[in-house]
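Trainee: I have not seen this structure before. Could we go through it by question and answer?

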Amino acid sequence: MLEVSGLTAWYGQAQALHGVDVHVNEGEVVSLAGRNGAGKTTLVRCLIGLHRQSSGTVRLHGRDLSTAPAHRRARAGMGWVQDDRGIYASLTVEENLRLPPKVSDRAWTLDQVYEAFPVLAARRRASGTTLSGGEQQMLAIARVLRTGARLLLMDEPSEGLAPVVVARIGEIIREIKATGAGVLLIEQNVKFAATVADRHYLLSQGRIVETLDNDEFRRRQGDLLRYLGI
Amino acid sequence: MTAILQYAVQGLAAGSFYALAALGLAVIFGVLGVVNFAHGAFYMLGAVTAAVLLDTLGLTLWWSLLAVPVLMFAFGVVVERLLVQWLLRLDPLYNLLLTFGLTLVLVELVKQRYGVSGLPYRLPAGLQGRVDLAGVVLPRYQLFVLLFSVLICALVWLVMTRSRIGMIVRAATEKPDLARALGINVGRWVTPVFGFGVALAGLAGALAAPFRAITADMGSNFAIILFAVVVIGGLGSIVGAVVAGFLVGLVEAFGQAYAPTFAQILIFVLMALVILVRPAGLFGRQEATA
C-alpha cells in the first residue's frame, strides 16, 4: 500500500535522507530502527508532508502523493502519531478525538474508541494534556483511528512508558494490523519491535542499510542492541 | 463610592475597545502567526467608516454596528489575499515591515481625503444622556458600549469553545503542523480568520466613534496601548486578550482620575510587572509554537 522510492531530504545544510526505499503492505507492521540522528523522524515527517523531500516518490495505494500537502496526505489515508504524542492542551480529550475529519469508512466512532479505551471516556471533558503519558499515547492512537487511516505512521509510541502500558500498545498495534491497515513503526525498543512487527528496516545515516524478517531480527537482537547503542 | 463606580464603568467601556481589537489580533496571530501592526489603522478605518456612513447615507450607529464589521471583513479579505498571504512563509521581520507600512499608507490616505481635523459623530437619540442606577448616574452610551462588547466577547468565546470552527482555530493556533497532518486544511481558514480579526478592530472603531476624536491618527496611540494589552494578556491568547483589554481600560480610567500625569505610564508599568512575573503574559503559554 505504501511505496517509497529514492526519497532524499535535507535538514538545513545536511543531507538527512539518501535515497530511501521503503514499502509497507496491507496488514503489515514494519519497524524502522536506527540510532538518534539516523533520519527516522525526518523520514516520517517527509511521508506525512511536513518536511519537504527534495527527490523521490511517495505512493499510497498507487496514488502519487510526493507533492501533496499534509492535509491531503491525511485525507488519502495516512495517520501520524507524533513522537511527543501531540495532544492539544487547548482541546478536551473528546475534542482531540472529534478534531480529525473522517477519511474512510473504517473510521472508529466515539463509542468504539470509548469502549476500547475506557480511560478516555472517563476523562472526556478534561484538557488533553492533563492525562498521564500512557493515556496521552492512547489518545494519540485513538485520534488517528477516528480518521479511518489505512496507514499509520507511529513515531516511538513506547517511549517513556511503563511496561504494562507498552504491552497494551502492542495489543492495540496487533488489533490495527488485524483490520488490514499497515503500520510503519519507528522504534528504538528492539524487544518491543520484535513482538509486534513482521519486518524491520535498519536506518543508518539516512540510508536503509538492512531489511530483516522478524526471525532474523530476533536472532540478532543482541547485535542490534549494541549497534543502536541502547 | 459613586465616583469610583463611574470611573470603573468609564474604564470598562474604554477597555471594551481594547478587548475587541485585541481579540482580533489574537485570532490573527493564532492562525496566521502574523503580528498585525496595522490593527490600529483598521480600528481607525472602522471609526472613519462609521462617520462617513452617518454623513453620506445617514446611517446611525445602530446600522454602523452591523455595516462596519461587514465592510471591514471584506476589506480584511482583500488585504489578506493581496498582501498578507505572502508573509506566511517569510521571516517575521517582513510582517512588521508590511503591516506597519500598510498603516502609514492607510493613515495618509485618510488624511488626504478627510483632513486632519476630527470628523463629527452624533449618537442616535436612544443612546444619549445619562441613566440613574440606584443613585449612580452613568452615561447611557458607556453602559451600552460595555454591555455590547461583553456580548460580542461572549459570542466569540462561545464560537471558540463550542463550534467546530473554534476547535479548528484552537488546534491550528496550538500546533498548526499537527492540525494539517490530521487532515485539516488550515490554509482554508486563514483568509476568513484574518477578515474576522479586522472586522473586530473595525467594530471597536465604530463603537469608539462617538467617544473619540475621529482622525486619521486616532489609531496610532490606540495601537501602542493595544500592544501593551496583548503583552499583558499573552500573545495569541483569546481569554488573555479580553481580560487584559478590560484591565488596561480600568488602569487607564483610574490613572486619569487620580494621577493624570501617570495614566499612560501606569499601563506600561503594569506591562513590565507582568513580563517580570509571567514573561508569556497572564494567559500565554510559555512555549508558544509559532
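Trainee: Does B:R170 count as buried or exposed, and on what count of C-beta neighbours?
Mentor: This is a predicted model, where local features need pLDDT of at least 70, side-chain atom pairs count only at pLDDT 80 or more, and totals for chains, interfaces and linings use all residues. Residues are numbered from 1 along each chain as its sequence is written, and chains are lettered from A and ligands numbered from 1 in the order in which they are written. A residue is buried if 20 or more other C-beta atoms, placed from the backbone, lie within 10 Å of its own, exposed if 12 or fewer, and partly exposed in between. B:R170 has 22 C-beta neighbours inside 10 Å, so it counts as buried.

Trainee: Which residues does B:R170 touch, leaving out those up to four places away in sequence?
Mentor: B:R170 has its place in helix α6 (residues 164–174) of chain B; helices are DSSP runs of H or I, at least four residues, numbered from the N terminus. Two residues are in contact if their C-beta atoms lie within 7 Å. With that cut-off, B:R170 touches A:S90, A:L91 and B:M160.

Trainee: How many residues of chain A are in contact with chain B, and what is their division by class?
Mentor: 20 residues of chain A are in contact with 13 residues of chain B. Ala, Val, Leu, Ile, Met, Phe, Trp, Tyr, Cys and Pro count as nonpolar, Asp, Glu, Lys and Arg as charged, and the others, Gly among them, as polar. The side of chain A that touches chain B has 13 nonpolar, five polar and two charged residues.

Trainee: How many residues of helix α1 of chain A are buried?
Mentor: Helix α1 of chain A covers residues 40–48. A:K40 and A:R45 are among its buried residues. The helix is largely enclosed by the rest of the structure, because the buried residues number nine of the nine.

Trainee: At what angle do helices α9 and α11 of chain B pack?
Mentor: Axes are lines fitted to C-alpha atoms over the stretch in contact, and angles run from 0 to 180 degrees between N-to-C directions. For α9 (residues 218–233) and α11 (residues 263–277) of chain B, the axes are 9 Å apart. The packing angle is about 25°.

Trainee: Which residues of α9(B) meet α11(B)?
Mentor: On the α11(B) side, the residues include B:F268 and B:M271. The contact divides into ten nonpolar, no polar and no charged residues. From α9(B) come B:I225, B:A228, B:V231 and B:I232.

Notes
Helix = DSSP H or I, 4+ residues; strand = E, 2+ residues; numbered from the N terminus.
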